[in-house]
Amino acid sequence: GAKILVLGGSGGTGSTGIQLAKAWGADVTATTSSANVEYCKGLGATDVIDYRSSNWWVALEQGSMDVIYDTVGQKGTADHAMKILKSGGHFVTIAGSLSEHPRQD
């Protein structure tokens, strides 16, 4: 299945995203705080990144994700996402706005 990263996995929208992606057969990675790691795993995330101790764009391999679903809206997320997405991958955000030309290098 597709590899999907859900940013903000323990929030209302992120937790729904984890469950839907898992139901569709995706391999799901989520970001959350350490207090919610088991919660996200219980929803179906295979891997969970504690955003307080590790930056997801450092923890993940470049070109490793098919989809990044952003429910957080942190500044610079789109630029980081372009590095982590596979060629032809999709970045979806419900928070913030994209820069006019996200970096793709």
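1. Of the chain's 105 residues, 40% count as buried, where buried means under 20% relative accessible area, exposed over 50%, and partly exposed in between (1.4 Å probe, protein chains only). The structure is a predicted model, in which local features need pLDDT of at least 70, side-chain atom pairs count only at pLDDT 80 or more, and totals for chains, interfaces and linings use all residues. Residues are numbered from 1 along each chain as its sequence is written, and side-chain values use heavy atoms, with hydrogens and water left out.

2. The chain holds four helices and five strands, in the order β-α-β-α-β-α-β-α-β along the sequence. Helices (H or I, at least four residues) and strands (E, at least two) are DSSP runs, numbered from the N terminus. The chain is as compact as a globular protein of 105 residues, because its radius of gyration is 12 Å, close to the 13 Å of the globule rule. That radius is taken over C-alpha atoms, and the rule is 2.2 Å times the number of residues to the power 0.38. Along the principal axes, the C-alpha atoms fill a box of roughly 35 × 30 × 25 Å.

3. Among contacts in the chain with a separation of 6 or more, 41% are between residues 24 or more positions apart; contact means heavy atoms within 4.5 Å.

4. The largest nonpolar core has 13 residues, and those with the most contacts inside it are V6, I18, V28, A30, C40 and A45. A nonpolar core is a set of buried Ala, Val, Leu, Ile, Met, Phe, Trp, Tyr and Cys residues joined through side-chain atoms within 4.5 Å. Two or more residues each come from β1 (3–7), α1 (12–23), β2 (27–32) and α2 (37–43), with the largest share, three residues, from α2. Apart from this core lies another, of twelve residues, including I49, W56, A78 and F91. In soluble globular proteins, nonpolar side chains tend to be buried together.

5. A30 deserves a separate entry. Neighbours within four places in sequence aside, A30 is in contact with L5, V6, G9, I18, C40, A45, D47, V48 and I49.

6. S64 sits in the loop between α3 (56–59) and β4 (65–70). S64 is buried, with a relative accessible area of 12%. Not counting residues up to four places away in sequence, S64 touches K3, I84 and K86. Of these, K3 is 61 residues from S64 in sequence, yet their C-alpha atoms are 7.5 Å apart in space.
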